[in-house]
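Take a walk through this structure, one residue at a time. Have the sequence and the 3D view open side by side.

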Amino acid sequence: SKEVFASNLTQFPRGFAWGAATSAYQIEGAWDEDGRGLSIWDTFSHTKGKVENNENGDVACDHYHLYKEDVAMMKALGITNYRFSISWPRILPSGTGNVNFKGLEFYSDLVDELLANGIEPYATLYHWDLPQALQDKHDGWYSPVTSDAFAEYADVVFDALGDRVKYWITLNEPWCSALLGYGIGVHAPGIKDIKSGAYLAGHHLLLAHSKAVKLYREKYQVLQGGKIGITINSDFKQYYCDNTLDKAAAERSQIFVMGWFADPVFLGDYPEEMRKTCGDRLPSFTEEEKVDLKGSLDFLGLNHYTTALVASPLFRTNGGNYYTDMGTMDSSDKSWPVGESGWLKDVPWGLRKLLVWIQNRYDDPLIYITENGVSGPGESSVKKDSEGLDDTFRQSFMQGYIGELYKAIAYDKVQVGGYFYWSLMDNFEWADGFRPRFGLVRVNFTSQARFPKESSFMYQEMMARVTPPPPEPEPIVPTVPA
Ligand code: GBH
C-alpha cells in the first residue's frame, strides 16, 4: 500500500514552519509589574478553590524577566518559529483607553530578540487574559463593548509590532473562553450559565475577531504584509458504532465544537444544526456582521490534542443547554494511552481525520497546527529534575501525531503550513495549576532553571530531517579547453 510511511517520512513541504508555543499568563509572571493591569485570570486564580493547590501565574516561568535566556534556549534547541501571546492588560491596563508603553516595550524587545536569533514570531492577541476592568464594567464577553475594546487593543498592537510580526492570531480557542469561562465556570471569570451564557460570550468573541481582522486588512495589511487568522480548538469526534445514529451524533458534536466558531469565520454564520436546536439562545448576526465574518482569516490555527468516541443517546432531551443541544454521549477507548492530563488520550489518527474533515467542510483552507502536545505521566512527581527528562511518552506521542500530520499532507493533500508543539516549556496549566507538564523543556519553578527533555532533542532532529535544506548550488566547473 502507499501508506508505508516510515520510510517516506522525510520531507515536509519546503518552508513548513516548525515551532513551539506558549501563552502570556502561563509563562510570564510579573503580574503586577511595569503598570500591568489585572486580568480575569489574576482574579480567578487568587480566589481560593478555583485552581488546584490554589496555584496562580504570579511568577509562573518568570519569562517576563528571563525572556532573553528563553530565546537563547529556543535557538539552542533549533526552534525557528515561536508562537506566544500578548497580555492585553499589560498594553491597556483598563482594557481600553490608556496605553501602557512599558507593556508594549516588553513585547517589542521580545520580538527583536526573536528576530535577532532567526526565530519567526507568531503573536496571539488573546489567550484568555481579559482585562478585569472589562469584566467589572461590562460583564466581559457578554457585552459588544468588549468586542470594540478588543479592536482598539488590536489597533495599538498592530501599530507597534506589525512592522516585525507577520503572523497574527486574534483569539486562542474561543470555545474555551465561552464554554469554560461563561458556561461551566471552570475557567475565568468562572460564570456558570450553560443555557445561554456560553453562546452569548462566543458571539462577542466572534465579533471581536472579525472587527480586528477588518481593521488589520483595512489599515495595516497592505503596508505590513502580514497574515491574520484565528485559532480554534477541536478534538476529533469519532463515531462509536458504524450506524446512522452514531454517525449523525459524531458529526453534530464536531459541529458544536468546531463549527460553532469555524462556520462563522469561513461561511459567515452559525451552523444550521446549531440554529435549529438552540433557537434564540444562540444570538444572531446582522447582515453586515455576516459579511465581515465570512472569510475573515488568511489561515486557520488549529489546536488539536485528542479524540472522543461519540454515541447517540437513545432519544434527545430538551434541557435547553449546550450539552443537550449537542445531544451526544462522549467516551474514550480503554486502550488509548493517557498521560498526566486525564482528558488527553494519545490518539494520533484523529488528527489526520480532523484535518480531512476541515478540508472538506471549509473548502481546503490553509491550516497551521498552532498547538499539539501532551503532559508526561509522572513528570510532576519526580524528586530531582534530572529524573524528569527521559520523556518517552511524549516522544511517542509526537512521533504518532507528526506521522499522521505527514499523511494528511502527503496523501490527503491537506494544506498545512506549520506545526507548533505545546509547549516550549512546562508552565501554569490553568485550573490544573503546575501539575501537568507539557514542556519540551522542564522548568524548576523554585529555581527557574530550565532542563531540556529528551523530546526536545528528538524534535530538533525531526525538524531538521523533515525540512529539506535549500538545494545546493551546482558547482561551477570551469571548462578546460582541450
Ligand atoms: C489548550 O487548550 C490551551 O490553549 C493551552 O493554553 C493549554 O495549556 C493546553 O491546551 C493544554 O491543556 O479537564 O475535562 O475539563 C486545549 C483545550 C479544553 C483541553 C479544556 C482541556 C479541559 C477538559 N482544552 N480541556 S476537563
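Start at E371. Leaving aside neighbours within four places in sequence, E371 is in contact with R83, H127, N172, E173, L302, N303, H304, Y305, F420 and W422. Contact here means heavy atoms within 4.5 Å. The model is predicted: local features need pLDDT of at least 70, side-chain atom pairs count only at pLDDT 80 or more, and totals for chains, interfaces and linings use all residues. Residues are numbered from 1 along each chain as its sequence is written, and side-chain values use heavy atoms, with hydrogens and water left out.

E371 sits in strand 10, residues 367-372. Strands (E, at least two residues) and helices (H or I, at least four) are DSSP runs, numbered from the N terminus. E371 counts as buried because its relative accessibility is 4%. The cut-offs are under 20% relative accessible area for buried, over 50% for exposed, and partly exposed in between (1.4 Å probe, protein chains only). The side chains of E371 and R83 are joined by a polar contact of 2.9 Å. Such a contact is a pair of N or O atoms within 3.5 Å; within protein, one must be able to donate a hydrogen and the other to accept it, and residues adjacent in sequence count only if both atoms are side-chain atoms.

Now turn to E173. This residue lies in the loop between strand 4 (167-172) and helix 9 (174-182). Is E173 buried or exposed? E173 is buried, because its relative accessibility is 7%. With neighbours within four places in sequence set aside, the contacts of E173 are W128, T231, N233, N303 and E371.

What does the record say about the two glutamates? An unreviewed UniProt entry places the feature "active site" at E173 and E371. They are spread over 199 residues of sequence, yet they cluster in space, with a largest C-alpha distance of 10.5 Å. UniProt positions follow the numbering used here, feature names are shortened, and annotations may be inferred rather than shown by experiment.

Next comes the ligand. It is surrounded by 15 residues; the closest are Q26, H127, E173, E429 and W430. A polar side-chain atom of E371 is 3.0 Å from a ligand oxygen atom. For W430, a polar side-chain atom lies 2.8 Å from an oxygen atom of the ligand. An N or O atom in the side chain of H127 is 2.9 Å from a ligand oxygen atom.

Technical notes. Near = heavy atom within 4 Å.
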